[in-house]
Structure formats: C-alpha cells, structure tokens
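Me: I have a structure open and would like to talk it through with you. Could you take my questions one at a time?

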Amino acid sequence: MRSLAVVLLFVALGLVGLAAQTTIPSRPDPAIVGPEAATQAYLATIPPDKRARSDAYFEGGYWLDLWDTLWSAAVLVLLLHSGWSARLRDWGGRFAPGVFLVPALYWIAFLVITDALSFPLTAYTGFFREHQYGLATQTFGPWFVDELKGLAISAVAGAVLMTVLYAVLRRTGRSWWIWGATVTIAFLAFFVAIAPVYVAPLFNTYQPLRDESIREPILRMARANGIAASEVWEVDASRQTTRISANVSGMFGTERITLNDNLLKRASPAAIQAVMGHEMGHYVLNHGYKMLVSFGVLITIGFGLVAWLYPRLAARYRDRWRIEGVADPAGLPLIALILTLYLFALTPLVNTIVRTNEYEADIFGLNAARQPDGFAEAALLLSDYRKLSPGPLEEIIFFDHPSGHTRIFAAMRWKAEQPR
Ligand SMILES: [Zn+2]
C-alpha cells in the first residue's frame, strides 16, 4: 500500500527538483579539457567521507523499498488470513445505514490498522534514519503530528475515493477494472489539482518570494518561456529537512513553482536560476499531464491484473478470507496486495518514466537559465541525499532523477559547445 501511496504522493506533490552546497575552487573549462574531465573536477570537490555517507544513504534506500514492500505485503496477508478484513466489513455494515457508506467506514479502519502495523518501519525510515544522516530538523513530536495530519488526509481523501470506486464496482460487470481505473485516475488528477491549495499548506507555510534580486530574473525567465507567472513561491521546508528542493505542483490552473528556503539559503543565485529553469521545463513540457497519462496506463494494467488474479485467489482461500467479489470492501487488502507487488515489480519502469522527464527538464533548464556552473553546483548540493556516480544499470533501476554525474556532464557538455 505504501509504494502505491508513494507514487500517488509523488505525482500529487509535483516533480521534486534539485539541491546541495559546496564551494568550487577551480573550474576547468570543458571546451578545453572536455566535458567528462570538467565533470570529474566538480565531483572531486565532494570530500570522500561525505561521498561515502551519501552513497550509504541512497543505497540503503534500495533495501528499504524492498523491506517496505515485504512488510506491507505481510500486513495485508495478515488482514486477510486472520479473517479481520471480513470482520471489519461486517462491523462497517452494522454502523452504516446502507451499503453505500460501508467502503468508507471500512477504509478508515483499514488505514488506521495498516498504518499502526507499519509504524515501526515508518518511524525508522521517516524519522530515525533521517536524523542519523543529518537530513531531518524536526523533533519526534512535530514529526509525529505531521504523520497524523497525513493520516487524516488519507482518511478523508481515501473515504471519498472508496465511496465512489465501490459504487462503480457494484454497478459494472466484467469491465469493472476499466471503470475502476478511470475513477482512480480522475481522482488522482483532482487531488493533484487541489493539493497545492488545500493540502500542502497544512504542513508548511507558503509565501510569495520577496527578495527582488532573486525573484526578478526568475520571472523574466518565466515570461521569456511563455509562462504567465506573477509569483514565485517560497516554502519553509527547513521546518522538516535540510534538503534543498524546488517543485512544480498543481494542475488545471493551480500550477505553481515553489522553491524551498534551504535552496535560497545554501545555493548561489546562479544555482537558484538553474533550478528554476529546470522547474519551468516541467511546466512548459507539460510533464504533469504526461505523467498522468503514463501512470494512467500503468494503473489500468494494474487493475486488469487485479481482475485476473482476484477471483482466483478469493475462490482458493474462500473459507479463510470470507471475501466475495471485487465489489466487497473486505477484498480491499487483496486488491492492495496485488497492486503493491505489481508496482514494486515496475520500480525500474516507473523510475525511468520519471527520470526521463527529469532529464528533459534538465536540458530545458540549461537552455533557459544558461547557468551550467550553477546547475552543477545544484547537482552537488543534491548529493546530500542522492548518490553522485552510480553505474549505468543502477541509475536505470533505482534513480527517479538523473544522478549528479549525469547532470553535471550534461551541463559541462552544454557549456563546452557554447560559441566562443
Ligand atoms: Zn524535476
């Protein structure tokens, strides 16, 4: 369930951009030494101990994805095999006046139980490990309150989705999976559209960027690229993290470009402009809509897989699980189990779809901002939490953004080819 949630949240919160902080002693000219040598000179500015810590953090994430999937799968199997899921549905049926509200009641109970059972891993990944690597700024109390807010949002948003989804599942026959996928994709688009206005401000304070010396070059770049923006937004991400970041969020008119206060504090004006050029690339190249289409296809195939596997498994474990057809809310853990394993298997594909968009935004940003060294600086700052120089296959499988090496090389190649 968590990997599904991560994908949904990722799309909802936009396309996270860049971060890092280092002073560059000398910059070999890539037109003379070549883009690769210029890239290596940049990479060499990160001390070996910092590099080792960043590699360890990022590589640990590969394993955490696996443990998270296995843990989630175990929780879902437990719900089915213990008969709790069927009992939850029966309980919902006693409280709800009609069949219409049972899925929402079931969902809230399901969410609380699965989140509680996953909490040890959530706390390790989201709190203790972040502190261990010096990336977190919150004490446990405020962190936990943020978690509870996330739970409340999932409860409300999920209850709406479940009510509509199961109403559709009860009315459609063999083609339910196409209708189910359509409802899910429409809901996703709706959530992405309202997230910057109604969800993100629950966690952080957003305000228009005031510093004119930073804002004006950004707005000029926006106008030059046909973006009718009158504001750039600043968010107090330092409330939670030391990471530098920026993003484009929203859809259908709520789009906005936001940079975080860590980026403003830690990066040079050239790096900030480079990052903003990248974010504008997401907007101009319509990456939000393209990702919705790509994920829409994957979601539809996933529902098709559920349509194939669900009846077979439900029949096989009929006596233990006591779940009926796919329109039975008690079967939700089985749907979640199939989708969780499906999405985990698709990790390299999902990462490649996202990373390809990110690379397009990188190239757009280099041309828009014309700050190759600023872009390299930002790529180094991002090495706080992203491995700088992975192997080619490792980058394809595990990276949802280009690696530092890929990004700096693109910048140095761009710089080398500028007319003298
Ligand atoms: Zn991006």
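Me: Leaving aside neighbours within four places in sequence, which residues is Thr-184 in contact with?
Reply: This is a predicted model, so contacts here are read from predicted coordinates. Thr-184 lies in helix H8, residues 176–199. Once its neighbours within four places in sequence are set aside, the residues in contact with Thr-184 are Leu-161, Leu-165, Ile-299 and Phe-303.

Me: Is Thr-184 buried or exposed?
Reply: Buried means under 20% relative accessible area. The relative accessibility of Thr-184 is 13%, so Thr-184 counts as buried.

Me: How far apart in space are Thr-184 and Val-164, C-alpha to C-alpha?
Reply: In sequence, Thr-184 and Val-164 are 20 residues apart. In space, their C-alpha to C-alpha distance is 9.4 Å.

Me: Which helices hold His-278 and Glu-358?
Reply: His-278 and Glu-358 link distant parts of the chain, being 80 residues apart. Both His-278 and Glu-358 are buried. His-278 sits in helix H11 (residues 269–284), and Glu-358 in helix H15.

Me: What length does helix H15 reach from its first C-alpha to its last?
Reply: Helix H15 covers residues 347–369, which is 23 residues. At 1.5 Å a residue, 33 Å is expected, and H15 comes close to that. Just after H15, Arg-370 takes a positive phi of about 55°. From first C-alpha to last, H15 reaches 32 Å.

Me: And helix H6: where does its kink lie?
Reply: H6 runs over residues 102–132 and reaches 42 Å, close to the 45 Å expected for its 31 residues. After H6 comes Gly-134, with a positive phi near 70°. The kink in H6 is about 60° and lies shortly before the proline Pro-120, at Phe-119.

Me: Now the strands. Why is strand E4 described as largely enclosed by the rest of the structure?
Reply: Strand E4 covers residues 256–260. It is largely enclosed because, of its five residues, the number buried is four.

Me: Which strand is joined to E4 in an antiparallel way?
Reply: Strand E2 (residues 233–235) runs parallel to E4, with three bridges joining them, and Glu-234 stands opposite Leu-259 there. Four bridges join E4 to its antiparallel partner, residues 246–249, where Ser-249 stands opposite Arg-256. That antiparallel strand is E3.

Me: Which residue in the turn of the E3 and E4 hairpin has a positive phi?
Reply: E3 and E4 form a hairpin with six residues between them. In the turn, the phi of about 90° belongs to Gly-250.

Me: On to charges. How many salt bridges does a search of the whole structure find?
Reply: A pair counts when a side-chain nitrogen of Lys or Arg is within 4 Å of a carboxyl oxygen of Asp or Glu. One of the pairs is Glu-216 with Arg-215, at 3.6 Å. Across the whole structure, the search finds 16.

Me: What separates Lys-265 and Asp-261 along helix H10?
Reply: Lys-265 and Asp-261 form a salt bridge, with their closest N and O atoms 3.9 Å apart. Lys-265 counts as exposed at 60% relative accessibility, whereas Asp-261 is buried at 9%. Being four residues apart in H10 (residues 261–266), they are separated by about one helical turn.

Me: How many residues apart are Arg-322 and Asp-90, which link distant parts of the chain?
Reply: The side chains of Arg-322 and Asp-90 meet in a salt bridge at 3.6 Å, N to O. Arg-322 is in the loop between helix H13 (318–321) and helix H14 (332–345), while Asp-90 is in helix H5 (residues 84–95). Arg-322 is partly exposed at 37%, and Asp-90 is partly exposed at 32%.

Key. Residues numbered from 1 in each chain as written. Heavy atoms only, no water. Helix = DSSP H or I, 4+ residues; strand = E, 2+ residues; numbered from the N terminus. Expected span 1.5 Å × (residues − 1). Bend = angle between axes of the 7 residues up to and from the residue. Buried < 20%, exposed > 50% of the residue type's maximum accessible area, 1.4 Å probe, protein only. Pairing = 2+ DSSP bridges. Contact = heavy atoms within 4.5 Å.
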